[in-house]
Each structure stands twice: as structure tokens, then as C-alpha cells.
Amino acid sequence: MAKVKFEVPELTGEIAIPGLKEDAAAAVKSHNAPAKDMTDLGFPTELVPDWKEKAVAKFAELLKKYRSLKVFMDICVKCGACTDKCHFYLGTKDPRNMPVARAELLRKVYRRYFTTAGKVLGKLAEAEDLTREVMEEWYTYFYQCTECRRCSLFCPYGIDTAEITMAAREIMDTVGLGAKYPLQTINKAITIGNNLGMPGPAIRSTLDFMEEDVKEQTGVPVKFPMDVKGADVLLITPSADFFATPHVESLAGYAKVFHQAGISWTLSSYASEAGNFGMFNGNYEHMRKIAGRIKVAINELKPKRLIHGECGHAWRVAYSFWNTLIGPFDSLDPKYPAPQHICEFTYDLINRGALKLDKTANDDFVVTFHDSCNVARASRMGNSPGGQFEIPRAIIRATCNKFVDMHPDTIREKTFCCGAGGGLLADEIIDLRIKGVMPRMQAYKAVKDSHGANFFALICAICKAQFTKVFPYYGYEMEEVGGVHQLVSRAIVLGGKEGI
Amino acid sequence: MPTIEFKGKTYEVDEDGYLINLNDWNEDVAGFLAEQEEVEMTPAHWEVVNFLRDYYAEYKIAPMIKILVKAIGAKLGPEKGNTKYLYQLYPAGPAKQACKIAGLPKPTGCV
């Protein structure tokens with residue numbers, strides 16, 4: 001592939017609401033899923049002849065199964081509160097990336113087939129037939145939504161736009177119109193046990209490498225255990241932690257924290273993935289199958305505690321859905337939350353004085369924190385509201401001397417998406433990803449200008465991959481991107497067990 | 001299925017231009033893929049490709065970037081054992097671009 005130059009939005013430090021540019025993102029399309037992945041996942045390999053009837057039938061099924069979807073179809077009054085809240089609208093200027101307009105692609109079909117006014121009056125009632133063109137629009141624009149739910153936060157009715165996107169994708173999958181990146185990833189997670197498709201021996205080889213590497217750097221024999229029966233903690237983390245940079249630096253951080261706390265832990269080669277892309281495509285069965293591997297690992301390894309690594313959407317699945325999908329966790333020690341986020345675990349140790357942290361190890365950095373959307377708006381940490389915002393920040397403050405928050409309208413529950421969640425971390429839509437990250441980049445530029453920020457701390461594997469990729473387009477070094485436990489890894493003083 | 005033509009032979013590739021069949025790969029094809037990527041292959045580039053292929057043969061997946069970085073540092077000298085150097089060789093990323101030229105499948109997941 002020859003190098004393509006992309007139009008990168010100018011960084012001003014301000015997030016301006018753009019003028020409309022019709023069809024600006026109409027040509028952006030995710031690749032279709034290969035036939036093998038469609039078949040493996042129980043979908044037709046291409047659009048079936050009776051796709052319209054099947055799509056309407058699936059829509060009916062979803063409306064019946066999820067009352068929320070029916071409410072979200074009916075209740076929108078087009079007030080417009082969501083219009084300028086989406087990073088993809090702000091970045092692409094395409095009016096159909098306004099959340100209300102994107103959802104309208106589904107709503108107009110809903111009205112046509114499921115409301116009396118729509119059935120009788122058609123276009124007069126803003127109803128439209130499901131045609132091939134409409135289905136193409138769905139495919140284009142429902143794969144230009146990262147399901148980050150920022151728009152939902154500002155919706156006076158609390159319409160969950162992500163759920164609308166999930167429903168549209170599930171309908172398309174059912175009739176044979178699937179997207180490659182999310183479906184290939186789901187297939188690998190179900191069949192091999194992780195999103196990368198990394199076999200057990202490859203993970204072990206990576207962990208051996210990390211043991212040597214940490215020993216070389218620190219002189220301390222920190223272990224990276226896998227498949228150890230009876231370890232206290234089973235750690236479920238994104239497989240990117242075994243492969244990518246900077247992800248693996250956080251893995252080193254978790255290992256050092258366990259080592260220093262003196263708590264035995266293990267990874268599982270069978271359940272070697274926290275991520276669960278089944279959620280992105282609204283498929284309960286895929287979600288259940290992916291999560292099911294974790295249940296098997298719990299039964300085999302018999303841990304007392306279940307801890308979750310740095311992965312955004314996965315924490316939503318773990319926090320909100322695991323109990324239904326694979327619970328109850330009766331075999332685990334009831335003294336601890338199940339699951340527990342690695343940030344909760346580390347934060348607790350810091351509060352008890354069980355970790356010695358040398359903040360000067362991170363003196364090269366002025367750190368800022370990007371709240372990942374699924375953690376911020378779809379889960380919690382700790383025992384008090386807002387813990388998911390406070391706990392990662394408290395860890396960062398304990399590991400460095402210089403921390404600065406980005407503009408209040410772009411953090412915590414109002415955080416902007418990285419632009420690649422929801423199954424959009426695909427290379428063929430890099431142009432969309434560069435534009436979608438624009439609001440976040442403006443906020444980062446502002447704290448670079450005002451405070452010299454130069455370390456962008458994260459707790460999500462997709463965010464880490466996306467920012468590492470897009471920073472250079474905006475003229476920033478990819479080394480500025482890292483994990484919260486990467487900071488912990490640098491600051492933690494290994495050795496004498498002071499404080500325990 | 002998309003294909004590429006090279007020296008009168010047709011090769012199956014995926015939508016991103018990665019070879020479908022591992023056995024289709026040889027140094028000539030690698031050179032052709034590199035040309036398409038606008039990468040000029042030097043001995044250092046071949047070190048990366050060869051390491052990736054050896055690792056893949058054993059583990060059925062490309063190595064973690066950090067492992068690749070260390071291996072290249074060991075072969076070509078410590079000043080080259082860093083991610084920046086790998087990105088100089090393969091500007092579109094060592095994991096994806098170098099894998100493509102090495103005839104390995106594209107990495108999936110959150111990377």
C-alpha cells in the first residue's frame with residue numbers, strides 16, 4: 001500500500017463546532033468480514049436473497065427482547081442536544097455523524113415497519129423503506145460510531161446511542177453484512193482464547209522474556225506466572241498486554257505490584273483475553289462464549305480473587321455483565337469484589353502503605369489522564385460514586401510529581417473517545433480515526449501549551465493502540481502514550497517489604 | 001478474494017494486501033511487497049523479516065515488539081535496539097508493515 005497523506009485537523013487547543021459538510025465521511029467503510037469468520041460465527045457469508053424480510057424480522061426480535069431499544073426508537077424528540085457531542089461529527093463535519101442523525105437511519109426504518117403512522121403515511125411520517133441504499137448507509141455510519149456514549153450523557157431522555165448502534169450491527173450481521181475487524185477479533189477470541197490469536201506457548205515465551213527483562217532492569221526476580229493452580233489471584237487482561245508497546249509496560253507494572261504485595265497470581269493461557277468485542281456488535285451469544293473461557297479458567301485454576309487489567313470496554317463487560325454471563329462467582333473469596341480492577345487493587349495497597357513509590361522516577365513526565373469511555377460512562381471503581389475517575393488519578397499522583405488534568409469538558413464522564421473503540425481500530429479507516437481523535441488532541445495540546453504535558457496515561461488497550469498510532473500524525477511522539485501501571489512500574493521500589 | 005500479480009504468478013492476498021498462504025512467500029515476493037509499501041530493503045530490513053519468520057515458525061504468531069527490538073539490538077548493535085529504529089526501517093509500524101513483507105498474517109486485536 002503506497003503511503004497516503006491524510007488531512008490532519010489543525011491543532012489550536014480549542015474544540016470548535018464545525019460547519020456541515022454533507023457526505024464528508026460517506027466513503028469511509030470498514031472492510032467486509034471474510035467468509036470464514038462469518039461462517040464460524042453463525043452468519044451468512046454474503047447478503048442473503050431475502051435480506052429485507054430477515055432484517056425486519058431480526059429488528060422485531062430485538063425490539064421485543066430489549067424494551068430499551070423500543071423506547072430509544074420512540075422517545076427521541078430531536079432536540080439536538082447530542083448533535084455537537086460526537087467526536088466523529090466534530091472531526092468529520094459529516095451531519096450524519098451527529099448522533100441523532102445516525103440513529104435516524106435506524107429510526108426511519110423502525111417507523112416504516114413498526115408504527116402505524118409510518119406504515120400508513122410513509123415519508124410523511126418520516127418513515128422509509130429498508131432498501132439496499134439504506135442498508136449501505138447503516139453499514140457506513142454504524143461503523144462510524146465507537147459506542148462511547150458521550151452523546152447519551154447529554155441526552156435529556158438518556159437515550160443510549162451505543163445500544164442503537166449495537167442493534168443495527170446485529171441486524172446487519174444476521175443478514176450477511178459483517179465488518180472484518182470486529183468479527184475476526186471475536187472469532188479469534190472464541191476459538192483461540194484471545195483477540196490476537198496468540199497460542200499458549202507464544203504467551204509463555206513472552207512472559208519468559210519479561211521475567212528476564214525485568215530482572216535485567218531491576219535485579220529482582222519478578223515472576224510472570226501462567227496456568228498456576230491455586231494462585232490467590234487470576235488476572236484477566238487484554239492480550240495486547242502480551243504483544244504491543246506500550247501495553248506490555250503496564251503488564252510489568254501489574255507483575256511488580258503483585259510481587260511487592262507478596263500475593264500469588266497467575267494468568268491463564270485458556271482465558272488470555274479481557275476484551276470482549278461481542279458487546280460491540282450486540283451479540284449476546286458471542287459475549288457469553290468469550291466470557292465463558294474465564295469461567296472455565298476459574299474452575300480449573302481455583303483462584304480466590306479475580307482481577308482485571310487495563311482494558312476499557314472489557315471492564316464494562318466485567319463490571320456490568322460478567323455476573324450474568326458467567327456468574328455467580330461462588331468459588332471466589334467473598335471478602336473481595338469480583339471482579340476487581342487492577343487500579344482498585346493497586347490503590348488499596350498504596351492506601352495501606354504497602355507499596356513504596358519513588359515519584360522522582362517519573363520526574364521526566366508531566367502526566368495527564370485520559371478517561372476511557374467505557375470505564376468513565378459505563379462502570380465504576382471502588383466504593384463511592386466517581387471512583388472510576390478518582391482512583392486512576394490517585395494512583396498517578398502517587399507515582400509522579402507533576403499531574404495536570406485536561407479541560408473539564410473533556411474528562412471524567414464528559415471524556416472524549418479515542419476515536420477507535422467499538423470495533424473501529426481498523427487500518428482501512430485510519431482517516432476516520434485521525435479525525436475522530438481531534439477533540440481529544442485539542443484538549444491535550446492545551447495542557448501541553450499551558451503545563452508542558454508530555455505523558456498521556458491510559459487504562460485501555462484500544463486507547464493505547466489508537467493514540468500510539470495517531471499521535472505522530474499530529475506531530476507528537478508515540479512514546480508520550482502509556483499506561484497507568486507503566487507509571488507504577490517505573491516508580492515502584494522493589495525489595496524490602498516496608499509497610500506490610 | 002483480492003490477488004496480486006508478480007512475475008506472471010498470481011498470489012491471493014487479504015483486503016489489506018497480506019499474503020493468504022504462508023508458503024507463497026519467498027525473498028522475491030518480499031521484495032515486491034516492500035516495493036508496494038515504498039520500503040527499500042537493506043540488510044537491516046532483512047534481519048527483521050528473517051527474525052519475524054523464524055519466530056512465527058515456532059510460535060504461530062509474530063513476536064511482541066519488545067522481543068523484536070531486543071533481538072535486533074543483539075544482531076545489529078545496542079544503538080539499534082529501540083522502537084524508534086524499527087519505525088525508521090518500517091515507518092508504518094514494525095508489527096504490521098514488517099509482518100506484511102515477511103508474508104505473515106496481519107496482527108488482530110487491540111494493537
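**Exercise 1. Find out how strand β6 of chain A is paired, and place it in its sheet.**

Start with the strand itself: in chain A, β6 covers residues 455-458 and is joined to β7(A) by 3 bridges, the two running parallel. Two quick terms here: strands are DSSP runs of E with at least two residues, helices are runs of H or I with at least four, and both are numbered from the N terminus. Strands count as paired if DSSP finds at least two bridges between them.

Next, pick out a residue: A:A457 sits opposite A:G482 in β7(A).

Now zoom out. The sheet is open, has 3 strands in the order β5-β6-β7 (chain A), and its pairing is parallel. At the edges are β5 (367-369) and β7 (481-483) of chain A, each pairing on one side only. From one strand to the next, the twist averages 35°.

A word on the model before going on: it is predicted, so local features need pLDDT of at least 70 and side-chain atom pairs count only at pLDDT 80 or more, while totals for chains, interfaces and linings use all residues. Residues are numbered from 1 along each chain as its sequence is written, and chains are lettered from A and ligands numbered from 1 in the order in which they are written.

**Exercise 2. Describe how α2 and α3 of chain B cross.**

First, the geometry: the axes of α2 (residues 43-59) and α3 (residues 65-76) of chain B come within 10 Å and cross at roughly 130°. Axes are lines fitted to C-alpha atoms, for helices over the stretch in contact, with angles from 0 to 180 degrees between N-to-C directions.

Then name the angle: α2(B) is therefore oblique to α3(B). (Under 35 degrees is roughly parallel, over 145 roughly antiparallel, 65 to 115 roughly perpendicular, and the rest oblique.)

Last, list who meets whom: B:A44, B:E47, B:V48 and B:F51 in α2(B) meet B:L68, B:A71, B:I72, B:K75 and B:L76 in α3(B). (Contact means C-beta atoms, placed from the backbone, within 7 Å.) Sorted by class, that's 7 nonpolar, no polar and 2 charged residues. (Nonpolar: Ala, Val, Leu, Ile, Met, Phe, Trp, Tyr, Cys and Pro; charged: Asp, Glu, Lys and Arg; polar: the others, Gly among them.)

**Exercise 3. Work out what chain A brings to its contact with chain B.**

Count first: 33 residues come from chain A and 19 residues from chain B. Then look at the helices: α10 (180-191), α11 (200-218) and α20 (461-470) of chain A each supply at least two residues of chain A's side. The largest share, 5 residues, comes from α11(A). Finally, chain A's side divides into 18 nonpolar, 10 polar and 5 charged residues.

Technical notes:
Contact = placed C-beta atoms within 7 Å.
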